[in-house]
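Visitor: Hi! Could you walk me through this one?
Guide: Happy to, let's bring it up.

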Amino acid sequence: MYICPECRSYFKTGSSGKKIKCLRCNNAYLTDLKIADTEWRKLDGDARKSRINRAIAGEHLRVPVPVPAEPVKPEVPAPAPQEEPKAEKHVKSKEDLPDEAILEAQMLLEEQDMQSDKPKEPIDKRRLAIVLGVTGGLLLILSILSLVVPLFRVRDEVPVLRTAQAGDVVSFGKYKGNTEWSVLERDNSGIVMVGNFPVANAIPEDARNRASQIDWLNSSFLNRSFNLYERRKLIPLEDDSKELIRIMSESDWSKYYGTIDIEDDGKVHPVCKIGIGNL
């Protein structure tokens with residue numbers, strides 16, 4: 001295979017070491033690509049471009065052979081050019097083209113065929129329907145379980161909470177595996193409980209003051225610890241407040257000292273209240 005350095009046309013013609021004229025730009029110096037025609041057809045587009053660039057770069061690096069200077073001849077005025085009659089345009093047919101041009105066109109078409117995308121395989125509608133059916137069934141089962149499982153947990157908690165008294169340990173909610181709460185007091189409105197587990201490690205670093213900690217308890221902690229049915233049982237701790245959870249204070253530790261088994265460890269313990277009418 002040979003390549004023209006000027007117009008990048010390539011041909012299967014000639015022999016090594018000879019000057020061959022380009023059929024497209026009339027350049028008389030073609031570069032030998034050092035590859036057989038059958039091997040050239042097997043290369044992809046990137047490999048062909050790399051081969052062409054290396055061959056042309058090598059052609060430009062060759063040292064030109066010095067040509068002896070010809071003696072200067074006296075200039076002779078050239079005769080005035082005579083207009084030649086314009087030849088009629090003749091459209092070449094396939095038979096008039098040289099074999100090299102026909103071969104070049106065939107190679108260009110082959111390269112375009114190799115670069116064209118392969119036809120996509122048809123979608124198996126039956127397999128797609130099976131996959132969608134299985135996925136939909138799994139999602140339906142998970143949705144049912146998410147509704148049924150909390151009901152079983154609440155069903156076990158309610159009987160114990162109905163008879164719980166101050167000092168009793170009951171199970172309510174679930175936060176990182178912790179479910180135990182100690183009952184602080186019980187009155188006609190509800191049951192006040194404190195979590196036997198601290199939550200200081202889970203509080204964000206930017207919520208270090210007491211107000212920010214209470215906001216976190218009534219948002220992230222509330223949603224993470226109690227399901228929908230358990231949240232409906234909680235009532236505000238104070239009549240004029242909307243907070244469902246607060247922090248166990250120093251006065252609370254002193255007030256309920258001896259009532260519960262846990263002691264003040266200096267950490268954040270959540271306090272909540274369950275309404276009697278919700279049990």
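Guide: Let's start at Phe226, which is buried, with a relative accessible area of 2%. Buried means under 20% relative accessible area, exposed over 50% and partly exposed in between, using a 1.4 Å probe and protein chains only. This is a predicted model, in which local features need pLDDT of at least 70 and side-chain atom pairs count only at pLDDT 80 or more, while totals for chains, interfaces and linings use all residues. Residues are numbered from 1 along each chain as its sequence is written, and side-chain values use heavy atoms, with hydrogens and water left out.

Visitor: How many aromatic pairs are there?
Guide: The count comes to 7 aromatic pairs. Rings of Phe, Tyr and Trp (its six-membered ring) pair if their centres lie within 6.5 Å; planes under 30 degrees apart are stacked, over 60 edge-to-face and the rest tilted.

Visitor: And why is the pair of Trp181 and Phe226 tilted?
Guide: Their ring centres are 6.0 Å apart and the planes stand at 35 degrees, so the pair counts as tilted. Trp181 sits in strand β5 (residues 178-186) and Phe226 in the loop between α5 (210-225) and α6 (228-231), so the pair ties together parts 45 residues apart in sequence. Helices (H or I, at least four residues) and strands (E, at least two) are DSSP runs numbered from the N terminus.

Visitor: Is Trp181 buried or exposed?
Guide: Trp181 is buried, at 1% relative accessibility. Another tilted pair is Trp216 with Phe221, at 6.0 Å centre to centre and 40 degrees between the planes. Both Trp216 and Phe221 are buried.

Visitor: Which residues do ring pairs link into a cluster?
Guide: The cluster holds Phe172, Tyr175, Trp181, Phe197, Trp216, Phe221 and Phe226.

Visitor: New topic: how many salt bridges does the structure hold?
Guide: There is 1 salt bridge, meaning a side-chain nitrogen of Lys or Arg within 4 Å of a carboxyl oxygen of Asp or Glu. Asp252 and Arg246 form it, at 2.5 Å from N to O. Asp252 counts as buried, at 8% relative accessibility.

Visitor: Where is Gly45?
Guide: Gly45 is in helix α2 (residues 45-61). At 14% relative accessibility, Gly45 is buried. Its C-alpha atom is 7.4 Å from that of Glu111, although 66 residues separate Gly45 and Glu111 along the chain.

Visitor: One last thing: where is Glu238 found?
Guide: Glu238 is in the loop between α6 and β7 (245-247), and counts as partly exposed at 45% relative accessibility.
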